[in-house]
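Dear colleague,

Please find below the structure I promised to hand over, followed by my notes on what was found in it.

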Amino acid sequence: MAVGYLVTVTTAALIVVFCLYPVRGPKPLFYVGYRLGLVFNEVPFLALYALVASTVLAYAEGDIATVADRVAVGLAVVSAAGLGVVARRGMRTASVVGPALDEALGAGTSTRRPPPLGRILLRPVFRRRADVRRVGDLSYGDAGRRNLLDVYHHRSRPEGGSVLIHFHGGHYDQGRKNTQSLPLLYRLASRGWVCISANYRLRPEFSHPDHLIDAKKVIAWAREHAEEYGADPSAAVFVSGSSAGGHMAALAALTPNDPAYQPGFEDADTSVAAAVVLNGYLGVYFDGNPATSPVNLVRPDAPPFLIAHGDLDELVETENPKALVTALRSVSTSPVVYAELPGGHHAFDLFHSFRFEALIDGIEDFAAWVKTRRAV
């Protein structure tokens, strides 16, 4: 039996199972399933390429000779079909995001774009763009490396760009800038935006409201310095985040200019034009304080929200973001876009995938709508 081929096929089969049926159970199994799904639910083509190559190689070397070998080939065929299902679910994202935008913002808001097939199929893990420059490790506070941010801007440094600030996830106790939502940051920066990805202080050394105070400092820094990188000094500032960063972005959007979260910079403008929450946890913080839940902070003058969540998220059930959507829609005068992504797991924003590229298209349409309304 071709042992190496069998290992490849078995691994591909496990990837399919974990992508189609994400694990929420025992920690060892969850860890394996989560890590495999993290990558291959977004870029199943990588597993498919390996499966096809190993099958061709096994036949070329005469390794497919026994009944067991032929069974392995049959499993490879089934796994390839499963990877096709995984890919198809990601490709359905545009058909969900577009209607969500049109429903919340008005018919015709969404625009369909052809997916960047080269990036998705051939280089999904390479996020950088030649026309975008990253300026790293700029200080916005006095907490050392936890108060550093990166700026992404077009190399030609056009004037008048808007600003997007992104906060990474990681359960508030891990994670760092320059890891999450990079396809989004690079795409917008290539369009003339000034994008910022920031670290912030983490548990257990720090807790709420320290994270939120850092978020406010980043917003204040952007208003003071983003013009140096091509932003309009009066530009719309969008705040975004993934997972725990989405929680922080939502809190920041719902507490504009609140002096309780701006010690020493109370006069700074920390209001934002809109919030984008990706696979976010939107409940109470670890201390159980109801005031730390965005649901309990909704207000009539809340900015527009775009909330995107995978319907198979292993860490945060869809009822969690839906609670904030319901609360905002019952109180806020601004629209709320909610897109539940078919087949989406947690952390779907790491690679150039059909799912995330379609969502980025939607974020661009959402941002265009917000900026148009601000100009009226």
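**Overall picture**

Of the 376 residues of the protein chain, 57% count as buried, where buried means under 20% relative accessible area, exposed means over 50%, and partly exposed lies in between, with a 1.4 Å probe and protein chains only. Please bear in mind that this is a predicted model, in which local features need pLDDT of at least 70 and side-chain atom pairs count only at pLDDT 80 or more, while totals for chains, interfaces and linings use all residues. Residues are numbered from 1 along each chain as its sequence is written, and side-chain values use heavy atoms, with hydrogens and water left out.

The protein chain has eleven helices and eight strands, these being DSSP runs numbered from the N terminus (H or I of at least four residues for helices, E of at least two for strands). Its radius of gyration is 22 Å, close to the 21 Å that the globule rule gives for 376 residues, so the chain is as compact as a globular protein of that length; the radius is taken over C-alpha atoms, and the rule is 2.2 Å times the number of residues to the power 0.38. Along the principal axes, the C-alpha atoms fill a box of roughly 75 × 45 × 45 Å. Among contacts (heavy atoms within 4.5 Å) between residues at least 6 apart in sequence, 78% join residues at least 24 apart.

**Salt bridges**

The structure holds 16 salt bridges, each defined as a side-chain nitrogen of Lys or Arg within 4 Å of a carboxyl oxygen of Asp or Glu. One of them joins Arg24 and Glu317, with the closest N and O atoms 3.7 Å apart. Arg24 lies in the loop between helix H1 (3–20) and helix H2 (27–40), and Glu317 in the loop between strand E7 (305–310) and helix H10 (319–331), so this pair ties together parts that are 293 residues apart in sequence. Arg24 is partly exposed at 41% relative accessibility, and Glu317 is partly exposed at 45%.

Another salt bridge pairs Glu357 with Arg187, where the closest N and O atoms are 2.7 Å apart. Because Glu357 lies in helix H11 and Arg187 in helix H7 (residues 182–190), the pair ties together parts that are 170 residues apart in sequence. Here Glu357 is buried at 3% relative accessibility, and Arg187 is buried at 5%.

Arg113 forms a salt bridge with Asp361, the closest N and O atoms being 3.9 Å apart. This pair links distant parts of the chain, 248 residues apart, with Arg113 in the loop between helix H5 (93–105) and helix H6 (117–122) and Asp361 in helix H11 (residues 354–375). Arg113 is partly exposed at 29% relative accessibility, whereas Asp361 is buried at 11%. A network of salt bridges links Arg113, Arg187, Arg191, Glu357, Asp361, Glu364 and Asp365.

H1 and helix H4 (residues 67–91) pack at an angle of about 35°, with their axes 9 Å apart; the axes are lines fitted to C-alpha atoms over the stretch in contact, and angles run from 0 to 180 degrees between N-to-C directions. The residues that meet include Leu6, Val9 and Val16 in H1 and Leu75, Leu83 and Val86 in H4.

Val239 is placed in strand E5 (residues 237–242) and is buried, at 0% relative accessibility. Leaving aside residues up to four places away in sequence, Val239 touches Ile165, Phe167, Ala249, Ala253, Val272, Ala274, Ala275 and Val276.

**Backbone features to check by eye**

Most residues other than glycine have a negative phi, and most peptide bonds are trans. Pro204 is found in the loop between strand E4 (194–198) and helix H8 (210–225), and Pro209 is placed in the loop between E4 and H8.

Ser181, although not a glycine, has a positive phi of about 60°; it sits in the loop between strand E3 (163–167) and H7 and is buried, with a relative accessible area of 0%. Ser243 also has a positive phi, near 55°, and is found in the loop between E5 and helix H9 (244–254), where Ser243 counts as buried at 14% relative accessibility.
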